[in-house]
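Here is a short tour of a protein model, written to be read with the structure open beside you. Take your time and turn the view as you go.

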Amino acid sequence: MKNNYLPYPAEIKNIEEETADIRTFRVSFKDKKMAKSFRYQPGQFMEVGLLGAGEAPISIASSPINSGFLEFSIRKAGKVTSAIHNLKKKDILFLRGPYGNFFSIEKLKHKNLYFIAGGIGLAPLRGLISMVFNKRKNFKHIKILYGAKTPDELCFKDELQMWKKIPDTEVWLTVDKPCVGWGCKIGVVTELWKETNVHPRDAVSIVCGPPIMMKFVTQKLIESGFKPKDIVMTIERYMKCGIGKCGHCNIAEKFVCVDGPVFSYSQIKQFPAHEEIF
């Protein structure tokens, strides 16, 4: 019988510095049988831990189409993540999961797709974006609207440039505070509505970012004619155990670590008014 609390060691193969406080760690399971059998879907997360420091729920930033490794984009924010940021190649992390639900790729087929992200919120969408581009002919027009505080705080800069070159794809960037030479939009991500048409016809919007950003993006999407069921997001909530036992991520009868973190806005609208999601 599988022990849901048992972590598996994974070796760090590469560390990519995305911003001053965000690094993407590529890891591979040490156990060959585990490495071969492990499966996950875009939108799921893992409990990423370090002996003596603890563990934290981290979204999987890689795509299931890439076998043999996992990637996690981790912001240095507390005890666990600070300890992880001190690691080097060949050091060991401990992983358990995957946990949570995931984005349904089938429900996105033959749709126009809007990926709207803020800051590190692009990381949970990255695996889904990669899967969509891997089967590009199954989807209609794709727009990626992405914002951050400054140009230096944009993640996956090389991939953003590559995505721009994919047929029938648009990438729109904006920052709150530009630097010298910044040639894109200035302002919050909803300002990008002025630059490109955001239309609900045959479309699904996938959103992730800071709570306040998701609040205003959702309002803007509804104003633009999107139905709540066609707005899909992955939400933040303090998660601990990952399997719905500890209750830290409870919202009414839901547990974000089990029933989420991916929800449609139509589901979120059913949550009690006192539960502040964003």
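Predicted model: local features only at pLDDT ≥ 70, side-chain atom pairs only at ≥ 80, totals over all residues.

Residues are numbered from 1 along each chain as its sequence is written, and side-chain values use heavy atoms, with hydrogens and water left out.

**The cores**

The largest nonpolar core has 33 residues, and Leu 113, Phe 115 and Ile 206 have the most contacts within it. A nonpolar core here is a set of buried Ala, Val, Leu, Ile, Met, Phe, Trp, Tyr and Cys residues joined through side-chain atoms within 4.5 Å. Buried means under 20% relative accessible area, exposed means over 50%, and partly exposed is in between (1.4 Å probe, protein chains only). Two or more residues of this core come from each of strand E7 (112–118), H4, E8, H5, E9 and E11; the largest share, six residues, is from H4. Helices (H or I, at least four residues) and strands (E, at least two) are DSSP runs, numbered from the N terminus.

Which residues does Phe 115 touch, not counting those up to four places away in sequence? They are Leu 125, Leu 128, Ile 129, Val 132, Ile 142, Lys 143, Ile 144, Leu 145 and Ile 206, where contact means heavy atoms within 4.5 Å. Another core, of 31 residues, lies apart from the largest one and has Leu 192, Met 233, Ile 235 and Phe 263 among its members.

**Helix H5**

Helix H5 (residues 157–164) has Glu 159, Leu 160 and Trp 163 as its buried residues. They sit on the same side of H5 because they cover an arc of only 105° around the axis, the arc being that of the directions from the helix axis to the C-beta atoms. The cover over them includes helix H4 (123–134), strand E8 (142–148) and strand E9 (169–175). On the face turned away from the buried side you will find the exposed residues Asp 158 and Met 162.

**Two loop residues**

Leu 122 is in the loop between E7 and H4 and is buried, with a relative accessible area of 1%. Leaving out residues up to four places away in sequence, Leu 122 touches Ala 117, Ile 129, Tyr 146, Cys 155, Phe 156, Leu 160 and Trp 163. Ser 63, in the loop between strand E4 (54–59) and strand E5 (70–75), counts as buried at 1% relative accessibility. Beyond its neighbours within four places in sequence, Ser 63 is in contact with Tyr 40, Gly 127, Ser 130 and Met 131.

**Backbone details**

| Site | Feature |
|---|---|
| Gly 97 to Pro 98 | cis, omega near 5° |
| Gly 260 to Pro 261 | cis, omega near 10° |
| Phe 156 | phi near 55° |
| Ala 252 | phi about 55° |

Pro 98 lies in strand E6 (residues 92–99), and Pro 261 in the loop between helix H7 (256–259) and E15. Phe 156 is in the loop between E8 and H5 and is buried, at 3% relative accessible area. Ala 252, at 33% relative accessibility, counts as partly exposed.
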